[in-house]
Amino acid sequence: MKSKIGYFYILLAGIFWSTLGFLVSKINDYNFSSEEVAFFRMVGGFIAISIYGKITMPTMFKITKKGIIYVLSIGIVCQFIFNISYMSSITMVGASMAAVLLYVSPVFVAIFSKIIYKEKINKIKILSLVFCVIGAFLAVTGGKIQLEGLNLMGVFAGIMAAITYAMLPIFNKNALKEMDNITMSAYAFLIAAIIMCFRINPIETISKIDNMRVFGYIVAIGVIPTAMSYIVYSKGILKGVELSIAGVVASIELVLSVIIGWTLLGEDFSFVKMCGVLFMVLSTFIAVKAIEEVEENKEINSSTVAEVATDSQK
């Protein structure tokens, strides 16, 4: 039962994250730049998650010296650069294509894990990455190699978003030993918001909010795909859902982002592009099989070692 509740929380996180592209597009309609939208998201996320954190864990702002280094890294790379890149991609190539490009991140996670943590890349994991790349190609280009009409800067921004997004689990592996995930998220949002103040004029940006509709979108982007998604995702992990399985369940974000972009925002879509999205979702499921194979091998190796030790004692 505890595990089922955990899956439900992860599913909710994916649903909340899928609204990001729609909200960014709506706020852009009021002539806000990508950096200004990112600023609103980080400030709103920090306020919302801090209120939740202070209610549920009064000591949430306590942090170690080593933890400060981690939140600075996460705030700059995984929030500031990521949000600027992702929202620029949404503006240039649309919400659905930006979401698809973001889901190339497993390729970079595998590369970074290999380089930094010396993790092995088995055959199933390679197959998963191949499916991911093929899916991204089909979803972005519709199967056409011609570059005419394709916004290359938007694609580059989307890939940059995928790279910085992939750095989050790399940093998390050690950062979560120093602090709670909610604490880490709150500080990361704050750091990103402060850095953005040097890129925009906060007072001038806030003064551009001239009606309740855009104010509602701004509040929503800070609460729904930011604070709420991180909160329920953390709850899901705390319920015992493995990170690999969480990635599969949260992939509902990609499908919903594409559907929202296609239906509510009128973005171009096709059967080939939908096949690309399905390829990418399938690659996530294959990745889980790769992880299961690694775990099985570990268990077999452990059993073999135990048997050898037992035989030697005899």
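1. In this note, buried means under 20% relative accessible area, exposed means over 50%, and partly exposed lies in between, with a 1.4 Å probe and protein chains only. The model is a predicted one, in which local features need pLDDT of at least 70 and side-chain atom pairs count only at pLDDT 80 or more, while totals for chains, interfaces and linings use all residues. Residues are numbered from 1 along each chain as its sequence is written, and side-chain values use heavy atoms, with hydrogens and water left out.

2. A search of the whole structure gives 2 salt bridges, a salt bridge being a side-chain nitrogen of Lys or Arg within 4 Å of a carboxyl oxygen of Asp or Glu. In one of them, glutamate 36 meets lysine 208 through their side chains at 3.0 Å, N to O. Because glutamate 36 belongs to helix H3 and lysine 208 to the loop between H10 and helix H11 (212-238), the pair ties together parts that are 172 residues apart in sequence; helices here are DSSP runs (H or I, at least four residues), numbered from the N terminus. Lysine 208, at 30% relative accessibility, counts as partly exposed, whereas glutamate 36, at 9%, counts as buried.

3. Glutamate 35 and arginine 199 also form a salt bridge through their side chains, at 2.5 Å, N to O. Glutamate 35 lies in helix H3 (residues 34-56) and arginine 199 in the loop between helix H9 (181-196) and helix H10 (202-207), so this pair links parts 164 residues apart in sequence. Glutamate 35 counts as buried at 18% relative accessibility, while arginine 199 counts as exposed at 52%.

Key:
Helices (H or I, at least four residues) and strands (E, at least two) are DSSP runs, numbered from the N terminus.
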